[in-house]
Amino acid sequence: MIHIVFNASEVNLMKDVIKLDGDLAGTVLQVKDDFAAGPLTGIENEEGWNSRVNWWRELLKRSPYENDPQTFFDDRETIKKIKEQLDTNADQVCIWMGQNQHDVCGYYWFIQHFKEYQGEIQVIYLNNLPFISEKGQLFYPSWISDIQPKELLKAKRLARPVTLSEFEVDPDEWKKLCTENSMVRILEGGKKIMGRDETFYDGEILKNLTNEWQKATRVLTNTLHRMKIKTGDVFLMWRMKELITQGRIEVLGDVNKTWKEFDVKLPGGRTENAELENQIQNER
């Protein structure tokens, strides 16, 4: 079996699940791009694909991931690898999908490539399903990574083939998302994805600012932890820098260096004395 997940943290999680049940034995592959953010126009041709890659590369500059070899990938190679395995072996593909826009958008991009493999593609969509947390409490996870391996194992009973109707409708839904080309996509329930503009998360960033200087990375971390509709840190940092450019966030330090090199606060508020600001500057 080939298990498909959409988040790096789920790769090892699925391997732990496989250890608990030999019937699930197989490989775990990750679709790595976050299709819930960024441009999608023409993504199915080389020019559109490269345009998206270049957009991400620009956002990744001076980030902690800029020089990480794991950052650069081509999900199309994963598709090619899976098809080769399906053509030469009696394999089954099982897509594991949490109730969030990241996974659902990844699913829409993925499924369009496998219409000719109907009957060999299964999906497990954890949509409004209860699980038991580590503390023994009932909860409804949005992300597969929030589930314990022994609990996630139970979800294998939910596996079902992707239907012929889904192979017809879901690629059309992906084409619609590409045509709309919103910079942000969110899940409104089921598999319904709605487009939003690039400013969608700006309010979440601003809520975590105060009238006092904070490290930009601290604001970023607080925003990631507190926001209900999640996105990645790279996208959020891009938006923070855009808000700085617009004058909606005041900055101390150089935003053209690494993420740790500048502090932020709400503009026009009370600050510590000038001596402290000078000290911060001198420490850089």
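Me: What should I keep in mind about how the values were made?
Reply: This is a predicted model, in which local features need pLDDT of at least 70, side-chain atom pairs count only at pLDDT 80 or more, and totals for chains, interfaces and linings use all residues. Residues are numbered from 1 along each chain as its sequence is written, and side-chain values use heavy atoms, with hydrogens and water left out.

Me: And what pLDDT does the chain average?
Reply: The protein chain averages a pLDDT of 92, and 94% of the residues score at least 70; pLDDT is the predictor's confidence in each residue, from 0 to 100.

Me: Where is it below 50?
Reply: The pLDDT is below 50 over residues 271-276, a stretch that has seven contacts in the model beyond near neighbours in sequence, and also over residues 278-284, which has 11 such contacts; a contact means heavy atoms within 4.5 Å. Where pLDDT is low, the predicted coordinates should not be read in detail.

Me: OK, overall picture: how many helices and strands?
Reply: The protein chain has 10 helices and 12 strands, taken as DSSP runs numbered from the N terminus (helices are H or I, at least four residues; strands are E, at least two). Its C-alpha trace spans about 70 × 50 × 35 Å along the principal axes, and 46% of its 284 residues count as buried, where buried means under 20% relative accessible area, exposed over 50% and partly exposed in between, with a 1.4 Å probe and protein chains only.

Me: Which strands make up the open sheet?
Reply: Five strands form it in the order S2-S1-S3-S4-S7, with mixed pairing, and two strands pair if DSSP finds at least two bridges between them. The edge strands, each pairing on one side only, are S2 (27-30) and S7 (160-161).

Me: Switching to Gly-42: where does it lie?
Reply: Gly-42 lies in the loop between S2 and helix H2 (46-60), and Gly-42 is partly exposed, with a relative accessible area of 29%.

Me: What does Gly-42 touch?
Reply: Not counting residues up to four places away in sequence, Gly-42 touches Gly-48 and Trp-49. The C-alpha atoms of Gly-42 and Cys-178, which are 136 residues apart along the chain, are separated by 7.3 Å.
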